[in-house]
Amino acid sequence: QPYFEQASQNALGRYFSTETKSSDRYYYFARSVQFANKVIGIITVQVALSDIAFNWIVSEIDFAVTDKNGVVFLTSNNSWDLKAISKTNLNTINELKNKPTNNINVEKLNDQTINLNNEGFQLIKLLNKNYLMLSQKMELADWDVRVFSRYANAQKEISRTVLISGILIFLITALAGLLFKIQNQRKEFRQQAREDLENKVRERTKALKQSQEDLIQAAKMAALGQLSAGITHEINNPLTAIRAYAENAGQFLKKNRLDMVESNLREITKLTENMAAITGQLKSFARKSKGELTAVHLDKAINNAISIVHSKIISQSIQIDYIASAEDNNKKVLADEIWLSQILVNLISNAISATNKNNTERNIWINITEQNDVHQNKKNEDSPQQTNLYCIEIKDNGTGIEESNLERIFEPFFTTKPTSKGLGLGLSISFNLAKDMNGTLDARNHESGGALFTLTLPSSISV
């Protein structure tokens, strides 16, 4: 027998056979016994394959164990039993059946020539059915364990997998598209919300600015209303004088006193010029401002403010102590002329109201001082920038401001006057106008008594 011959040559003998009567299958192992480097015997083991057969539980997959010639001797498919999966060496195999104890009739399962040593996937046909075969070598026994999956089922599984993968890819793509669309919608929503918010802010800012302008204008009109009686008096006096000069000129004209007529007409001209100056200042004060900052003469602005409240100064016997020097005439600040005039009118009017009526003299002092403000240059932090500032100080000899009111004096609607005398908006508006002109307005009590308000504005020329 082949397994005996292999063992005689000091090799591991292997062989299988089938009993003709019982159809029992056996596998034989043989090994030589040596003594003094001589073979003195052969040990043979006969294994009944029926004792190790078992039921394969995966119905869609078959398995088979083959020898090195590809002959199936253990399988889950009875129709493959003792058949060769390849026509390779089939003639050599069948030659063995002429030996005395080998009565195997080996048949081929297909007409293909299969690489029996390939342990990868192979597409083969067995008994006219297509299979995917995967092999694994058992080195010790020199057997091959082969697993067969029906190709049609594999194709179905592949098709199912491809279909599921395609559906998943479609769903993922659709989800990605949906997420992308949602993200774009979110961006568009945020952009639209941002634009709407910016539009609302612009509208609210515009409305607030308009309200502020209307409030400033109303405060000016209120100040003019309080001064109206004095202004009327200042205009009526020149009108009365003009009427008298005109009547006199008529009488002198009848008497052919042309020199006196000319003198009266000159006086009338002077009076009309004075009236024009008064109405011009009032007209300038009353008009709305656009908030444009330009170079404004401090001396001119102070004198215009004094002229506007002149009637109040005369009627209440107020002594204004302000004499501009030649140097003061050249001092200019960067401000809005109408806003500056409104602040000065408010401060002088408040000073007139604050002077103690029990005093023999009611005085207001106006003074201009200069100071330097050193701050960091935004473009170059290592290079400090120096700016000239002008301070307009307005002091009165009144009773001063109560310490508890100093912190609230610039709050809107805060006033110590009766409601009929004011709404408490003058100082609040003045404070914010100074801030809009890059300046400051503060209040304190002077050491010698009375209140001292200081309006600080930048010079129109920076050093």
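In which helix do R266 and E262 both lie, and how many residues apart are they? Let's take a tour of this predicted model, in which local features need pLDDT of at least 70 and side-chain atom pairs count only at pLDDT 80 or more, while totals for chains, interfaces and linings use all residues. Residues are numbered from 1 along each chain as its sequence is written, and side-chain values use heavy atoms, leaving out hydrogens and water.

**View A. R266 and E262 in helix 4.** Both residues sit in helix 4 (residues 258-286), four residues apart, about one turn of the helix; helices are DSSP runs of H or I with at least four residues, numbered from the N terminus. R266 forms a salt bridge with E262, with the closest N and O atoms 3.1 Å apart (a side-chain nitrogen of Lys or Arg within 4 Å of a carboxyl oxygen of Asp or Glu). R266 counts as partly exposed at 46% relative accessibility, and E262 does too, at 47% (buried is under 20% relative accessible area, exposed over 50%, partly exposed in between, with a 1.4 Å probe and protein chains only).

**View B. The network of K137, D144 and R146.** Salt bridges that share partners join these three residues into one network. Within it, R146 pairs with D144, their closest N and O atoms being 3.5 Å apart. Both R146 and D144 are buried.

**View C. The salt bridge between R257 and D259.** Here the closest N and O atoms are 3.7 Å apart. R257 is partly exposed, with a relative accessible area of 39%, and D259 is partly exposed at 48%. A search of the whole structure finds six salt bridges.

Note on methods:
Helix = DSSP H or I, 4+ residues; strand = E, 2+ residues; numbered from the N terminus.
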